[in-house]
Amino acid sequence: MSSFSENITNQHPDRTHTCGKLSDVHLGEQVVLKGWVDTRRDLGGVIFVDLRDRYGLTQIVFSPQDNPAAHELADRLRSEYVISVMGFVALRSPETVNPKLPTGRIEVRVESLCILAESEALPFSISSHTQKTKLASEDLRLRYRYLDLRRPDMLQKMILRHQVYQVIHRYFDAEGFLEVETPTLMKSTPEGARDYLVPSRVHPGAFYALPQSPQTYKQLLMIGGLDKYVQIVKCFRDEDLRADRQPEFTQIDVEMAFATEEAIYSLTEGLMAALWDEVLGIKLRTPFPQLTYQNALWRYGSDKPDLRFDLQICNLSSAFKDSGFRVFDQALSAGGSVLGLVIPEFGDKGRGYMDRLDKTVVRKQIGAGGLIHVRIPSDGTPPNCSVKSHVLSEEFVTGAIQASGAKAGDLLLILCGKWPTVQEQMGALRLHMARELGCIDESSWQFAWITEFPLLQWDEREKRYSAMHHPFTSPKADDLELLSNDPAHVRARAYDIVLNGMEIGGGSIRIHDQQVQKQMFDTLGIPDEESEERFGFLLEALRYGAPPHGGIAMGLDRIVMLLSQSMSLREVIAFPKTQSAQEPMSGTPSTVEPERLNELNIRSIPEPE
C-alpha cells in the first residue's frame, strides 16, 4: 500500500455531524464528517462518494473547482477506506435527489480530505447499495464478523437489541425491581444440560461451573428479602446446538417474593406490550390466552403451539373403536390414540401427492409409522380412503368424517400411536400442511401461556423420574399427596410463554418449604447425602423463613430474533458461535500451552485415532 502518513495526522477537528444527520436546514454550513467509503463514482472528473457511518449515508463531492488537492487525493479512495472530510453543505441538483435517504436532498462539497485508514480488497461486499444481492455464506461472514457488522441489516439488528435492553431496564425499574448481579463462577449442580466447567488454580482438583441459570441465587435473593429481582444475565449450557440455541445466551431473569402465577403473567405481558410498542410501534392485546399442557398437545400437537392459523387436531379414537383394522385396534388397546387433521379444500389431491406426503414427510421427516388419509372430493363422489373397505369398513370411515367435521373438498389425515408421541407427530404434520396451504400470517404476533406442565418425566435410561423443568418447581397444592404414590400425574406450578410457535420464556412458582423440597429430592431418587452436597446451602436457607416466591426467565436473544424477523440467533448476537460451538473469527475454542495446564493440575488426553 502507498504511504499516507501525511494524511493521518489530526488535521480536522472532531466531527460536527454524523452521516445521517444533515438536511437542507444545514445549507451553507461548514461541517466535518468521518466514516467509511461505501461507494465511489468518478463522473467526468467529479468524484462522488457515499460516506457511511452507523447513522446513515451522506453523499460527498470532490471537485477540482472546490479544492484540487482534495480532488487529487480522492482518486485513491476505495471501498471501506476510513476518511475525514471538511466541507460545506449544498443542495443536490434536482435530478440527483434521493427521496429514500434522510440526507437525500443535500451533499457535502469537500474542501479538505484526510485518509485515516486504508482497506484491503473485501472478502465480500458490505455496501448499502448491495443489500438486495445474495449474501455471502454465513461461514464467511462469521469469519469476518467485524465486516459483517458494518452491513446496514446487521447494524439495525444491533440497534434493535440495544433498544430492547433499554425498554427492559425502564420497565422493571418502574415496577420496583432491583437489578442484582449474581456470580458467573458458581458451584456445579448438574441437572439437565451439561455445565461448562472452569478449573481452579488455587484449589487443585476443584472446579467452578458457569451458570446454566442463576436459579438458586435468585431464590436466595428472595429469602434475603430483596422482594423483586431482575437481571439481564449470561447463561451457559454445553449442549448440542441448532438455529435457536447458543452455548452462551442471554436471559431476562426475574424473581418475585409472594408471587402467584397470575402476577407473573401480568408482569410478563406488560413487558411484552412495552417491547412491541416501543420497538415496533405495535399494540399487543392482553391478557394472552392460556392453554394447559394437555390441551395444547391434544389440540395442536405441541407444548409451544403456533396459533397464527386455526388447524386443530381432532381425536378420532371413539370413531374407530373396535373397527377391526389391526393398526388402529393395536394402538387403542395399548392406551394410544387415533388422531385426525382436516385440511380444507385439499380433497382433490392426487395419489402421487399423497404418496410423497406419506413417504417423504410423515415417515422420513416426522418419524411416524405411516399416514392414512381420506379424500372427500369436491364433486360429491364418495370419499376415498387409503385403506381398502374390506380392511376398514366404510361405516367407520363415515363416522370419522362426521366426528372430524370434514366437508366435501376436504382432506382428512390420520395418525395413530402412543401419547405424547403421536400428538407431537401430528403437530409436526400440522405445521407442514400450514406451510403447504400458505395460511400462516407472517405479520401476526400470537402469544400464549402454556400451564400445568407435568412436574416429572420418566427417564427410561436412568429408570427414575427427572424434573421436567428443575427440581425447585412447586407441585400444585391439589397434587401434593400424589408426589409419593403417583408421581407421573403430579402437575407443576410451571408455565411457558410462547410466541408464534416458539418458546420465549418459562418459569414456575418455587418450593419454599424445606420438607416439600426434601420430598421432591426423594421422588427424584437423590439421596440425602447427595442433595446436601449439591444443594445444602439452599436447603439450609429454607430453614430460616423463606417466603413463597416464583419467577420467569425469558430468552432475550430469541425475543430479539423474533422482533427483527431473523432466521437464527446468530443474526442478533454480535459474536455468536456456530452450530459446532466454535467462533471462527478468533478461533475459539483453542488449545493452551502445557505449562498452563500444569498450573491447573490438568492433563490433556489425546483423542484415540
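This is a predicted model: local features need pLDDT of at least 70, side-chain atom pairs count only at pLDDT 80 or more; totals for chains, interfaces and linings use all residues.
Let me start with what covers the buried residues of helix α10, where contact is taken as heavy atoms within 4.5 Å: the cover includes the strands β12 (313-315), β13 (337-343), β14 (372-375), β15 (384-385) and β16 (411-417). The buried residues themselves, in a helix that spans residues 394-404, are Phe-396, Val-397, Ala-400, Ile-401 and Ser-404. They cover an arc of only 140° around the axis, and so they sit on the same side of α10, the arc being that of the directions from the helix axis to the C-beta atoms. On the other side of α10, Glu-394, Glu-395 and Gln-402 are exposed. I use buried for under 20% relative accessible area, exposed for over 50%, and partly exposed for what falls in between, with a 1.4 Å probe and protein chains only. After α10 comes Gly-405, whose phi is positive, near 80°.

Residues are numbered from 1 along each chain as its sequence is written, and side-chain values use heavy atoms, with hydrogens and water left out.

As for the whole protein, it holds 16 helices and 22 strands, which are DSSP runs numbered from the N terminus, helices being H or I of at least four residues and strands E of at least two. The C-alpha atoms fill a box of roughly 95 × 75 × 60 Å along the principal axes, and buried residues make up 47% of the 609 residues. Of the contacts with a separation of 6 or more, 68% are between residues 24 or more positions apart.

Now to a helix pair. Two packed helices are described by the angle between their axes and the distance between the axes. The axes of α5 (residues 215-223) and α14 (residues 528-541) come within 10 Å and cross at roughly 20°; here axes are lines fitted to C-alpha atoms, for helices over the stretch in contact, with angles from 0 to 180 degrees between N-to-C directions. The two helices are therefore roughly parallel to each other, a label that goes to angles under 35 degrees. The contact is made by Thr-216, Gln-219, Leu-220 and Ile-223 of α5 and by Phe-537, Leu-538 and Ala-541 of α14.

What about disulfides, meaning pairs of cysteine sulfur atoms within 2.5 Å? The structure holds zero of them. The sulfur of Cys-314 is 14 Å from the closest cysteine sulfur, in Cys-416, which is too far for a bond. Cys-314 is buried at a relative accessible area of 14%, and Cys-235 is buried as well, at 0%.

Finally, some backbone details that may be worth a look. A cis peptide bond joins Thr-286 and Pro-287, with omega about 0°, and Pro-287 lies in the loop between α6 (261-280) and β11 (290-292). Another cis peptide bond joins Thr-588 and Pro-589, also with omega about 0°, and Pro-589 is in the loop between α15 (556-563) and α16 (594-599).

Glu-80, in the loop between α1 (68-74) and β4 (82-91), has a positive phi of about 75° although it is not a glycine, and Glu-80 is buried, with a relative accessible area of 3%. Asp-227, in the loop between α5 and β9 (228-236), likewise has a positive phi, near 70°, but at 32% relative accessibility Asp-227 counts as partly exposed.

Conventions: A disulfide is a pair of cysteine sulfur atoms within 2.5 Å. Angles under 35 degrees count as roughly parallel, over 145 as roughly antiparallel, 65 to 115 as roughly perpendicular and the rest as oblique.
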